[in-house]
Amino acid sequence: MHQPTTEARPSIYYPYQVFAPWLPSAHPPQARQRVVIAGSGPAGMVTALELARHGVPSVVLESELQVSQGSRAIVFTRRSLEILQQVGVAQRMSEQGLPWRFGNSYYRGQRVFRMEAPHDSDDRYFPMLNIQQQYMEEYLIEACAAQPLIDFRWGNKLVQVRQEEGVAHLQIDTPEGPYALDTDWLVAADGGRSEIRTALGLKMEGASYEGFFVIADIRIDLPLPTERLAFFDPDWNPGNTILMHREPHGIWRVDYQLPPGETAEQALRPESLKARIDAQLAMIGHAGTPWEMDWSSVYSARTLTLPDYVHGRVLFTGDAAHLLPIFGVRGANTAFQDAQALGWQLGCVVKGLAGEKLLANYSAERVGAAREIIDEAGKSTRFMTPPSRGFRLLRDAVLSLSLSQGFVRPLYHWRTSRPHEYSGSVLNSPGDDNALFSAGPAHGAPPRNIRLSADDFLLDHLGGGFDLLYFTEAPALPEALQQVVAGARARGVPLKVIAVGAPGPVAGADLSLPDADGHFRQRYGVPASGAAYLLRPDQHVCARWLTLDAHRLQAALNTALPQ
Amino acid sequence: MNPETPAMTSETTPSLPLSGLEDVYDALATAIDQAGPDKAELFLVKLALLNAQQLGSASLVREHIEVALKDL
């Protein structure tokens, strides 16, 4: 019998709420489900919320009775906020979080690199936002609770999966014992230690790095701005790296690398934590400032992915699918992109708008993204925690040179998580004008946000289905295009038409956005009226035309929803 | 500097005259001694990175790495 703790987790700043378990005896016999999601972390909940936007119900299984222990993910990227905006929680994140865009790297007391993340006036969100994962989970749980299509089950632990043709038979344990549940699809969003992955005997590919880091959250009053701090090879921790981030509620995250050979148990002893945190505070000139520990843990960097995220009726997403190093904030930020991708593609398959090929595409696109991240983050990881004598020598040579030689300083910049561009996706329209554009987001790229007025942005109006941006000064959408749009909608394809550039409402468009100064057209590389972009439900571009005609719009829709 | 200047490849005669090579020989030896056994490697890697930056050609550096790895 599964007995999750009913005691609230300890925290000096976060009031944990313990929820009542979902018990099978309190519910009627369980019908077969379309989608069951194992795990209510960022990947699981965003998948459920995206599915619900597409009208697809899901059951979310959470083995615990409360949100996760400790702050875990604390840095969220602009693209993550854009995805969270789609599921309705970005505003609360923004209100509670700390935005930032600068990072500083120090060596021998000298700031040797300053990272400045660009912030464009067309962007609603800052490049980075710091907030503890518990709050993010809390906001997502509330969004799930407000969504009648999501059946959220606390205290439900998936203990067995048996697959047959077209169905997964699940065994779920609860505080009053197990029950059976059948589902068309099981989403494995059960995290880095995924038991589903283990039960299926799936092996991840890639590398594990030996350097261990302690990750500690302390409450302390430091008169420092919200900027990332990185310290290399300090006197108190020779050869190793320390990171610091400000979090809301007076909390600071301190990450420090351990000397080789030290175990997690040794590192997490209170006296060891105290001595090292005191040494770090002394180094930055705040010796003796009082602080209090909230949470600590140990991690090591890994760059691993499953080579395929679809295994029969089981679909992997988030950390269950891949383990990525935290350098460059790759964990939750990648999970949001996975979940958004899975949500719409699974939704279209469940609704019969596309064949199961679309799920193979989900896997291909997201495995590709993971491999790109592994390639990029691997470089950062080899700089932060050199895996061999050679890598350590090179890193140390760069540290030493950086005091006087500017050319090596960009090597300090670990590439930050960014949305993967699905440039080679099979959903991209082969017969469009993608190659003829000289600017604007290309095939597979995420959209470029546009500020429409003081508090009104293009991305506020996108999502939930396909979006056709049609650039026109005419009072109406051409009749032939309207017919293709009507035909797609009649088939159940969610498709919104946004007319850009006309001074007044455009007949046939769901929304008309003027573009008096031509800024929108310029950002999208549109030279003349009649051009268009087709955005997928995750807002990535799948087709763009300098001159759209009905035939090519139909072809692009057919390509984006393979049967 | 053109990164692929023909005069810089190993196919052609080095542009350093013998007297210059002898200068570098002595300077390198002295600097390795000055760095000391603990720091000699670090010093040499720094030097390699500085030279690589000046060469301006990753492929030329890779070529030099291959040559230097021979007959160790």
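Helices here are DSSP runs of H or I with at least four residues, numbered from the N terminus. This is a predicted model, in which local features need pLDDT of at least 70, side-chain atom pairs count only at pLDDT 80 or more, and totals for chains, interfaces and linings use all residues. Residues are numbered from 1 along each chain as its sequence is written, while chains are lettered from A and ligands numbered from 1 in the order in which they are written.

**Exercise 1.** Find helix α2 of chain B and look at what follows.

*Solution.* Start at residues 40-55 of chain B, the 16 residues of α2. Next, go from the first C-alpha to the last: the helix reaches 22 Å, close to the 22 Å expected at 1.5 Å a residue. That expected span is 1.5 Å times one less than the number of residues. Finally, step just past α2(B) to Gly56(B), where phi is positive, about 70°.

**Exercise 2.** Describe how domain 1 of chain A meets domain 3 of chain A.

*Solution.* Then collect the contact (C-beta atoms, placed from the backbone, within 7 Å): 13 residues come from domain 1 of chain A and 15 residues from domain 3 of chain A. On the domain 1 side, α2 (78-86) and α8 (331-350) of chain A each supply at least two residues, and α2(A) gives the most, with four residues.

**Exercise 3.** Count the residues where chain A touches chain B.

*Solution.* Eight residues of chain A are in contact with six residues of chain B.

Key:
Contact = placed C-beta atoms within 7 Å.
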